[in-house]
Amino acid sequence: MNDDLEQRLRDAFRTASLPSAPESLHVALDRVTESPAARRGAGRWEVLRVLAVAAAIVVLGVGAIVAGQSGPPPDPVSPPTDAASPSPSAWTNLTRFEYRVLADRPVTDADLDAVVESLQRRLSEAGVNGVGVGSRSPGRIVVDAPDSALDPERLSRLVGGRGEFVVVALGDAALSSGQSIDPTAYPAVFDSSDISAADATAEEGSGASLELRLGPVGAEALRSATEGAVGQSLGVVLDGILFAVPMIHAPIRDGVITIAFGSQDGVTSEDVADLVGILRAGPLPFALEPVPPGPGEPSSWPPARP
Amino acid sequence: MRTFALPMDDSRAAVREPDAGASPRSAFLAAARPQLDRAYRLAGLLLGDAHEAEDAVQDSLVVAWQSFASLRDPKRFGPWFDRILVNRCRDRLRRRRIVRFVPIEGEDHAIERDPFRSIVERDALLAGLDGLTPDERLVVVLRFWGDLRLEDIANRAGWPLGTVKSRLHRALARLRASLDGDRKEERR
């Protein structure tokens, strides 16, 4: 009986007059490989934006992500938000990223809820909209991101790291940002638990700044660390990587520390906004490990953190 | 506001080198262009909508170009691209709400028919595709239109072979039930 049905299906498909790919797809194929972003090689989600603008074929209904400032300076008390965020009704394609919760005991539903809540807050505070965060047993976190919401590198930075933040006194050590560091090897000045407020600001022509207001304990520690240490450096460490190595120009006595990034430093306002999001949400209760896609999955896996 | 630091140390900005030349592009175009018709038809049969099919193929082309360097054997481009496209279509099927335009009887509307919708609606058996789950529809299309072996379907979808078999079995049962239901209607 199945054989008869199967043959009927084959015949039905064979006799169906299916259309050929429209000319617009051939044009799109040419343009995918022509766009400057695609030529620079892989992983740039702005290729989608270039495609839509160049071909005017796909109605994505979402705004592009703007890297850097495209409008007036943002409100200094809140991190910069995306220039145009996709609304749920405008989603045309979602990519799922999955993470394993790393714990030294069985992960409970309450644990997963805590991680999800923390990640949602982190994304929200970083100004990222339209990304769904959920969980599934056993011990997995899933993140559904519209292709236009954020690129895999940014996702990896925002979601993949635990968010353990500490500022240490480097003294005269010659270290540079991007380096791995064992924060326990240097005296800790303050960590995220001492921060009462974190903000990102940006001024035209000056790059982005990170402003941290410390509570009484942190403020006292900062005063003590900076007095008599002019000319030495502090290390701003996030998940074991030096985010910044600012030099101490004067003692800080009021508990307010501002780290300014020049345009030559390679730290964008988006980077700072992400750090603010991470700081406001606090560190995750558990570390996360990306789950690679299966053999049938295309490359939607965020790259490993450096 | 107290500025705390300048000058900073070396930049963290990643430097991306441009591609070596046109060779990867030529290889990609040569591999992808012959696949376009097939890909569009596959997406159209899976999604039942020409516009969505075009979007899905376009998205897949972008992903494929971005990860082209990871394809070790260019001769395997077809199955490799199929996997990308199938996943894109499955995601769309799982997430969309289907709004079907129902013509009002007695009114003379000039309705622009979607070619893939028309195909499905014109044939009683293919109309049953709308009653399948996204994964069941995928198996049926790949098996009976794509003429793939079950092992190849498993490879495209990233499923175990047993899963492919059970989904195919359920899909055929549903299609048969759908046909039987139609026959009962005709007899009345």
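In which helix of chain B does B:Asp82 lie? B:Asp82 belongs to helix H4 (residues 77–95) of chain B; helices (H or I, at least four residues) and strands (E, at least two) are DSSP runs, numbered from the N terminus. This is a predicted model, in which local features need pLDDT of at least 70 and side-chain atom pairs count only at pLDDT 80 or more, while totals for chains, interfaces and linings use all residues. Residues are numbered from 1 along each chain as its sequence is written, chains are lettered from A and ligands numbered from 1 in the order in which they are written, and side-chain values use heavy atoms, with hydrogens and water left out.

**Confidence**
- The predictor assigns the complex an ipTM of 0.76 and a pTM of 0.44.
- Chain B has an average pLDDT (the predictor's confidence in each residue, from 0 to 100) of 77, and 75% of its residues score at least 70.
- The pLDDT is below 50 over residues 1–22 of chain B, a stretch with 57 contacts in the model beyond near neighbours in sequence; contact means heavy atoms within 4.5 Å.
- Residues 98–111 of chain B also have a pLDDT below 50, with four contacts beyond near neighbours in sequence.

**Surroundings of B:Asp82**
- B:Asp82 counts as buried because its relative accessibility is 1%; buried means under 20% relative accessible area, exposed over 50%, and partly exposed in between (1.4 Å probe, protein chains only).
- Leaving aside residues up to four places away in sequence, B:Asp82 touches B:Arg38, B:Leu42 and B:Arg156.
- The side chains of B:Asp82 and B:Arg156 are joined by a polar contact of 2.8 Å; such a contact is a pair of N or O atoms within 3.5 Å, and within protein one must be able to donate a hydrogen and the other to accept it, with residues adjacent in sequence counting only if both atoms are side-chain atoms.

**Sheet in chain A**
- Four strands form an open sheet in the order E5-E4-E8-E9 (chain A), with antiparallel pairing; two strands pair if DSSP finds at least two bridges between them.
- Strand E5 (188–191) and strand E9 (241–244) of chain A are the edge strands, each pairing on one side only.
- Strand E8 (residues 233–238) of chain A pairs with E9(A) over three bridges, and A:Leu238 stands opposite A:Ile241 in E9(A).

**Positive phi values**
- Most residues other than glycine have a negative phi.
- A:Asp239, in the loop between E8 and E9 of chain A, has a positive phi near 50° and counts as partly exposed at 24% relative accessibility.
- B:Asp147, in the loop between helix H7 (134–145) and helix H8 (150–157) of chain B, has a positive phi of about 60° and counts as exposed at 57% relative accessibility.
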